[in-house]
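Reader: Hi! Could you walk me through this one?
Author: Happy to, here it is.

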Amino acid sequence: MRTLGTVARVWFDRVTRRSLAVTGLVGAAAVLAGCAKDAPQDTWQPAGDNSRDIQNLQWPVFAIAGVVLVIVVAAVGWCVFRYRDTGQAIPEQTHGRPALEIGLTVLPALILIGVAVPTVGTIMALSQTDDTECVVNITGQQWWWEIDYPVQDGCGGIDQPIVTAGQLVIPEDTNVLMRGTSRDVIHSFWVPRINGKRDVVPGRVQTLRLEADDPGIYAGQCAEFCGLSHANMRMEIMALSPADFETWKANQTAPYEPPEDGTQAADGEAVFIQQCVRCHQVDGLVDDNGVPQIAHPEDQVYSGAAPNLSHLMSRNTFAGASWDLLTPTCRENVWEASPDAFGERYLTGVTEDCLNSVDLREWLRNAPEKKPMYADQEQLGPTDGLYRGMPYLALSEDQIDDVIAYLLELD
Amino acid sequence: MIPTGSRLLFGATVLATIAAVAYGISVGGSLGTVGLISAAIALAILAGINAYVRDSDVSSMDSTALTDSPAARPAPPASNWPMVGALGAMLVVVGAVTYPVVFAFGLIALLAATVEWMIAAWSERASADRGFNTGIRQRFANPAEFPVLAALVAAIIVYSFSRIMLFLSKTGGPVAFGLVAALVLAAGFVVAFRPQVRNATVSAVAGIAVLGLVAGGVAAALAGEREMHPHDTTSDLAADGECDNAEETEVDEHASQTVGAKANIQGEIILHEDGTLVARSLGIGGSSDTMTVVSSNTTNVRFRNDTDEERRLVLNLGERNAVDEETGDTIADEVVPVQRCTQLVADGGSQLLTFSIARSSAAAETPYTFTVPGVDGQAVEVVVP
């Protein structure tokens, strides 16, 4: 019969073995996750001058830190093994080795200085603003990004502001300065292949340099926990050739074209005016009497803003870039495009054939069910009845069809 | 055999029980009956304990008990911490249903009493030497007690001081505390130059001074604060639609001229020496006659006055119907401008204007603009996407 001690030892060995196995598996999974070939948010694949500066800094620092780690671990391991308790007598105790102590103080200091010099240089380079060629305002709120282009001579000249959401369009090979802020809580703008993270804080203006070498899509993610749908607060930077960027600008400032009378889109426009324009602006939209329809999200939403849906179908994501407006095939067509072909494919926008009506329909049917948001009227006491996110609108299926037909016209 | 002391308690228990029955039958009140039954239960417990320890009597034949029994040991000194703990518990209970601050004070008292009582109990059992026990308690507890006590006394003094200052008139305050400061200085000189003054005398004088300060603070707190004139701010100027006033107002004379949040400005509005008004935006090179700001967002703009006259910057956001101040109703046929403005800024000076515009400028009947009263024909358009 086994003693209690034997039972305990067997149990402990089993638990230890199991813990080691689980730890090993989790660690291996974490390491292998970094090997994903199609990971679009990869800080190790810089696609612009700024992210390349970071890359050029982090590799040598990583190497130095790695060498230090190996030396320290090896020294500790050797000491543990060499001086393990084998029943030997306690050796003579000594105090003080000035040469060793000074050496072990000076050496780390020199290493840190060696790391600090290029680090400070990179920080200074990344905070430069005097070579700006284009300025964009990026404003975070739960749980989407608003992007607007102020009136300026930069960006090839902008004489009326452009406002969009979720996708920041920039000209390739151009120094773009982001002026970031937030309307509600702290968010963090992070598109790893373009630059590092930049927190955006209510009441403050933070700047970040953005530059992309080639046309393409660069994915990003809010990097500061900001509430219920933080994980669904995504963004993309779309880099276009200068000519394509001019085309995009022209499209964004094109006047509103109302749908033809008697069409399903016209019915959708009526539903939009009735239900959506409380929060969502469509520039140039007027009602049957010619009265401009101006959104007043400050009366509905805690942040005081909702995405401007002018030219919605020129973007290919919606709801904080959480879902694609394009079907998977059409999306792949844009994402996989070569730099030369990218602009043309992106500027095609969302056609009826390519519309991802499944997700859009689900969104219109019940937005809070699709994306977690504070939209329960009974729980809005802390915000004085203002929503955080889009509420349930109780649209009928026919109304949803009409609204989708209308949104398709917003190209 | 039941000891004598226990007999008394058992007798009292029986009496209380009989009284409870008699009271319940004759008078019929539940309160008295419950009280007497409670007394009977308490007496019964005491009687039981007393009987168990044999009235704590020591046999006269037991010589070792005279030295070894607990009763032979010197009793520990009286402790106030149980009382403080009880007070804290009471405040916790009362505070839970009244004010959070009472609850917080109760909790602090309860925690302090618990810790102090534990330390006292531990030190009293550290050895048979009471002096050593006292010393070890002090070594352990004083490093925490002294800073806490000092902070508490300082807080009381500062709070009393502030109550007195708020009570005294605007001129009386400086005079009174000028005198107090002179007295403190004089006392310091006396102590410094006459070392023969006894410590006890200095302590007594300081104690009386602190007591006087606290008493004055309590009296001042009860009497209330002096009447203070609330100065208008630029918000009042804007609310009254008087931002266009180029003359100096109370707002400019008294309110704070602080320029804050310099690191977070969206841009500058500059009134040049030649009277031109231009905008410079963060990151956008050169000057412009427009400034784009984000909607529904707190925006800081710095106004710089390079002229040789005092000027204020006004942000014009259209008009609204006036509101009857008494009834709060909107007056349909009277409009007032919707504005934000700075104070008058001296020549060469600058000041921050903080604002938030909810609606797109597309919604405005007239463009949003920055203007400077007294400077005609100059405006910077504010564009809100």
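**Salt bridges, rings and the interface**

Author: The structure holds 19 salt bridges over all chains, where a salt bridge is a side-chain nitrogen of Lys or Arg within 4 Å of a carboxyl oxygen of Asp or Glu. This is a predicted model, so local features need pLDDT of at least 70 and side-chain atom pairs count only at pLDDT 80 or more, while totals for chains, interfaces and linings use all residues. Side-chain values use heavy atoms, without hydrogens and water, residues are numbered from 1 along each chain as its sequence is written, and chains are lettered from A and ligands numbered from 1 in the order in which they are written.

Reader: Thanks! Which residue does Arg137(B) meet in a salt bridge?

Author: Glu116(B), at 3.1 Å from N to O. Arg137(B) belongs to helix 6 of chain B and Glu116(B) to helix 5 (residues 100-124) of chain B, so the bridge ties together parts 21 residues apart in sequence. Helices (H or I, at least four residues) and strands (E, at least two) are DSSP runs, numbered from the N terminus.

Reader: Are Arg137(B) and Glu116(B) buried or exposed?

Author: Both are buried; buried means under 20% relative accessible area, exposed over 50%, and partly exposed in between (1.4 Å probe, protein chains only). Glu145(B), in helix 6 (residues 130-167) of chain B, touches Glu116(B) and Arg137(B), not counting residues up to four places away in sequence. Contact here means heavy atoms within 4.5 Å. Glu145(B) is itself buried, at 15% relative accessible area.

Reader: Nice. And what does Glu225(B) form a salt bridge with?

Author: With Arg163(B), the closest N and O atoms being 3.9 Å apart. That pair links distant parts of the chain, 62 residues apart: Glu225(B) is in the loop between helix 8 (199-223) and helix 9 (234-239) of chain B, and Arg163(B) is in helix 6 of chain B. Glu225(B) counts as exposed, with 52% relative accessibility.

Reader: How about the strands? Where do Arg302(B) and Glu268(B) sit?

Author: Arg302(B) is in strand 4 (residues 299-305) of chain B and Glu268(B) in strand 1 (residues 267-271) of chain B, 34 residues apart. Their side chains form a salt bridge of 3.1 Å, N to O. Salt bridges with shared partners join Glu268(B), Arg302(B), Arg304(B) and Asp306(B) into one network.

Reader: Switching topic: how many aromatic pairs are there over all chains?

Author: There are 17. Rings of Phe, Tyr and Trp (its six-membered ring) pair if their centres lie within 6.5 Å; planes under 30 degrees apart count as stacked, over 60 as edge-to-face and the rest as tilted. Phe189(B) and Phe193(B) have ring centres 5.7 Å apart and planes at 10 degrees, so they are stacked. Both lie in helix 7 (residues 172-193) of chain B, 4 residues apart, about one turn of the helix.

Reader: Last one, the interface. How many residues does the contact take from each of chain B and chain A?

Author: It takes 21 residues from chain B and 27 residues from chain A. The area buried between them is about 1900 Å², with 55% given by carbon and sulfur atoms; buried area is the accessible area (1.4 Å probe) that two parts lose on being put together, summed over both. The rule finds 2 salt bridges across the interface. The side chains of Asp299(A) and Arg359(B) meet in a salt bridge at 3.7 Å, N to O.
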